[in-house]
Amino acid sequence: MISTYCIIIFYLLLLKLGQKEVVSENINLKTMILKRFFILAGTALCLFSACKVNQKMIDKPYVYLQKENRSDKKWKLVWEDDFEGKEIDTTKWSRIPAGSSDWNRHMSQEDEVFHLENGHLHLLGINNPDTLKDPRPFITGGIWSKGKFAFQYGRIEIRAKLGSAQGAWPAMWMLAELDKYGKYPMNGEIDIMEHLNFDKIIYQTTHSHYTLNLGQKQNPPHGGTAPVDAGEFNVYGLSWYPDRLVFQLNGKDTFIYPRKAGVDKTQWPYDQPFFILIDQQLGGNWVGKVDQKQLPVAMEIDWVKVYQ
């Protein structure tokens, strides 16, 4: 990931260091050593700092901040997981715990809802095999990168195949890592992909204080849909810029949410790092009642890639 500019500088410096120097006998050897040290140190600074596409927070090195004025540069891969291991990489992901909202009400830590095979991660929704231990009728699996990876601006792509069932609600989305503006929904939510039941479309949406509490869902429109063959592998994506969110499907733009001038400032909380969530949800007010006869259902993930 070294730019052409940095390579040229490094080459010229090496040539300079290799030239024979005409020096008088009274030059101190220590001075020559220090001179060469600072030249090499300057070169290293160029190679490993100025030429990088991002910088990391000092106190949270897992947070990748894209450098300014790079929005029109070529994307460079900065983080990925291809799920080739025998277990979920716990340096990148954690299993999502259960909560009280529709989306996480049935989340489970149990191994039965996570399966790795042939380089694919399967996140399942299943009938609960042990209702004495856990009274919930069905349980689901999900992962998030919270506390392990987050990024501000860039492009994310997720290649996956979606299972369908009545009440199935697979989702790929992002939430704020640092809660810059307070509690939800002040920091916003970016839904890269949501799929319901047997639908032939996906939903790509933004939520925030501006859209939820102030009711501003059309100024600008906060979401869109795209036709999809959910049972085949597709690449679900988002390109995130300082002034717009560009949602994508298989590399094609499907919906754009712009930063808008002259409206309430809470319209754009997307100027802070976000972490990734991928989960196979079941049931809720939006997706409807679960038909347990149609379980198990699974979302099969091939890989996740982030570029800046």
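Modeller: This is a predicted model. Let us start with Thr 205, which touches Glu 189, Ile 190, Asp 191, Glu 194, His 222, Gly 223 and Phe 247, leaving aside residues up to four places away in sequence. Thr 205 has its place in strand S13 (residues 201-207).

Colleague: Why is Thr 205 counted as buried?

Modeller: The relative accessibility of Thr 205 is 9%. Buried means under 20%, so Thr 205 counts as buried.

Colleague: Phe 247 is among the contacts of Thr 205. What is the bridge partner of Phe 247 in S17?

Modeller: The partner is Phe 255. Strand S16 (residues 244-249) and strand S17 (residues 252-258) run antiparallel and are joined by six bridges. Two residues lie between the strands of this hairpin, in which Asn 250 takes a positive phi near 55°.

Colleague: What makes S1 and S2 a pair of strands?

Modeller: A pair requires at least two bridges. Strand S1 (residues 54-56) and S2 have three, in the antiparallel sense, so they qualify as paired. They form a hairpin with six residues between them, and Asn 54 stands opposite Gln 66 in S2.

Colleague: In which sense do S2 and S9 pair?

Modeller: S2 and strand S9 (residues 150-152) pair in the parallel sense, over three bridges. Tyr 64 stands opposite Phe 151 in S9. Within strand S2 (residues 63-66), Val 63 and Leu 65 point one way, Tyr 64 and Gln 66 the other way, and all are buried.

Colleague: Why is the pair of Trp 103 and Trp 173 called edge-to-face?

Modeller: The planes of Trp 103 and Trp 173 stand at 85°. Over 60 degrees counts as edge-to-face, so the term applies to this pair. The centres are 4.7 Å apart, and the limit for a pair is 6.5 Å.

Colleague: What does the pair of Trp 103 and Trp 173 tie together?

Modeller: Trp 103 lies in the loop between strand S4 (94-95) and strand S5 (114-117), and Trp 173 in strand S11 (residues 168-176), so the pair ties together parts that are 70 residues apart in sequence. Both Trp 103 and Trp 173 are buried.

Colleague: How do you know that Trp 169 and Trp 286 form an edge-to-face pair?

Modeller: Their centres are 5.9 Å apart and their planes stand at 90°. Trp 169 is in strand S11 and Trp 286 in the loop between strand S18 (274-282) and strand S19 (297-307), 117 residues apart.

Colleague: Why is Trp 286 called partly exposed?

Modeller: The relative accessible area of Trp 286 is 42%. Trp 169, at 8% relative accessibility, counts as buried.

Colleague: How do you know that the charged end of Lys 92 sits over the ring of Trp 79?

Modeller: The charged end of Lys 92 is 5.7 Å from the ring centre of Trp 79, and the distance limit is within 6 Å. Arg 95 lies over the face of Phe 114, at 4.4 Å from the ring centre.

Colleague: Which residues touch the most other members of the largest nonpolar core?

Modeller: That core has 51 residues, and Met 172, Ile 276, Ile 278, Ile 301 and Val 304 touch the most other members. Apart from this core lies another, of 16 residues, among them Met 107, Trp 144, Trp 173 and Leu 175.

Conventions:
Residues numbered from 1 in each chain as written. Predicted model: local features only at pLDDT ≥ 70, side-chain atom pairs only at ≥ 80, totals over all residues. Heavy atoms only, no water. Core = buried A, V, L, I, M, F, W, Y, C linked by side-chain atoms within 4.5 Å. Buried < 20%, exposed > 50% of the residue type's maximum accessible area, 1.4 Å probe, protein only. Phe/Tyr/Trp six-rings, centres within 6.5 Å; stacked < 30°, edge-to-face > 60°. Helix = DSSP H or I, 4+ residues; strand = E, 2+ residues; numbered from the N terminus. Lys NZ or Arg CZ within 6 Å of the ring centre and 35° of its normal. Contact = heavy atoms within 4.5 Å.
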